[in-house]
Amino acid sequence: MRTATFAAFTALSLLACGGAALAQSPAPAAETPASSAPADSVVPDLPPPADCTFTKVFVCQTGGCGPDKELGTVDLPARVLVHYPKRIIASVSDDGLPHVSEIVTASSAGDNITLQGMDGLVGWVMQLSRTDPDVSLTIVSNEKVMTSFGTCKPAP
């Protein structure tokens, strides 16, 4: 049985697509100290939106780690839209309901881009590249850690 916290992993599961359901608004950004630069100014040349597909997932709990067939509660392959300009990650659950998670921080070192955010009691970090299609996503709660791997391409 999946816990409510682990079910929140659905936030990063499939690419948001058109539908009659209303999307959730991103959670308000946490206040940052005056010395912290906003995510926009850390990486001013973020790429256009990306369509990412995750094909491998591994889940770790106190009892051990192993592969899984779902990204949260969404069957693989799971798609996620990374929209840098809007600072969101959008997905759709298996039941068709859209979900949006705010990109709280974005940073860059060389070719790599690291995105971070929170969705309720769940934290996440995504590592992408400007030139390599590979992507990883790690989602953590106090009960479980999930790491997923896939590829990204420019969004249509």
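Me: Which residues is Cys52 in contact with, leaving aside its neighbours within four places in sequence?

Reply: Contact means heavy atoms within 4.5 Å. By that rule Cys52 is in contact with Ala78, Arg79, Val80, Val82, Leu128, Val135, Thr151 and Cys152. This is a predicted model, in which local features need pLDDT of at least 70 and side-chain atom pairs count only at pLDDT 80 or more, while totals for chains, interfaces and linings use all residues. Residues are numbered from 1 along each chain as its sequence is written, and side-chain values use heavy atoms, with hydrogens and water left out.

Me: What is a nonpolar core, and how many residues has the largest one?

Reply: A nonpolar core is a set of buried Ala, Val, Leu, Ile, Met, Phe, Trp, Tyr and Cys residues joined through side-chain atoms within 4.5 Å. Buried means under 20% relative accessible area, exposed over 50%, and partly exposed in between, using a 1.4 Å probe and protein chains only. Here the largest nonpolar core has 25 residues, and Cys52, Phe54, Val82, Leu115, Trp124, Met126 and Leu128 have the most contacts inside it. The elements giving two or more residues to this core are β1, β5, β9 (112–119), β10, β11 and β12. β1 gives the most, with 5 residues.

Me: How do I read the strand labels, and which strands pair with β1?

Reply: Helices (H or I, at least four residues) and strands (E, at least two) are DSSP runs, numbered from the N terminus. Two strands pair if DSSP finds at least two bridges between them. Strand β1 (residues 50–61) pairs in the antiparallel sense with strand β5 (residues 78–83) over 5 bridges, and Thr53 has Arg79 as its bridge partner in β5. β1 and β12 also run antiparallel, joined by 10 bridges. With strand β2 (residues 64–68), β1 pairs in the antiparallel sense over 5 bridges, and a hairpin joins β1 to β2 through 2 residues. Val57 has a bridge partner in β12, Ser148, and another in β2, Asp68.

Me: Is Ser148 buried or exposed?

Reply: Ser148 counts as buried because its relative accessibility is 0%. Ser148 lies in strand β12 (residues 145–154). Not counting residues up to four places away in sequence, Ser148 touches Phe54, Lys56, Val57, Leu71, Val135, Ser136 and Leu137.

Me: How many residues of strand β6 are buried?

Reply: In strand β6 (residues 88–92), 5 of the 5 residues are buried. Ile88, Ala90 and Val92 are on one side, with Ile89 and Ser91 on the other, and both faces are covered. β6 pairs with β5 in the antiparallel sense over 3 bridges, where Val82 has Ile89 as its bridge partner. The hairpin of β5 and β6 has 4 residues between the strands, and Arg87 in that hairpin takes a positive phi near 55°. β6 also pairs with strand β7 (residues 98–102) in the antiparallel sense, over 5 bridges.

Me: What is a pocket, and what volume has the largest one?

Reply: On a 1 Å grid over the protein atoms alone, a pocket is an open set of points with protein on both sides within 12 Å along at least five of seven lines, and lining residues have an atom within 4 Å of a point. The largest pocket has a volume of about 240 Å³. Of its 16 lining residues, Ala50, Ser129, Arg130, Cys152 and Lys153 are the closest to its centre. The largest share of the lining, 3 residues, comes from β12.

Key: 1 Å grid on protein atoms, 1.4 Å probe; cavity = no way out; pocket = protein on both sides within 12 Å on 5 of 7 lines; lining within 4 Å. Points joined across faces, edges and corners; volume = space filled by probe spheres on them.
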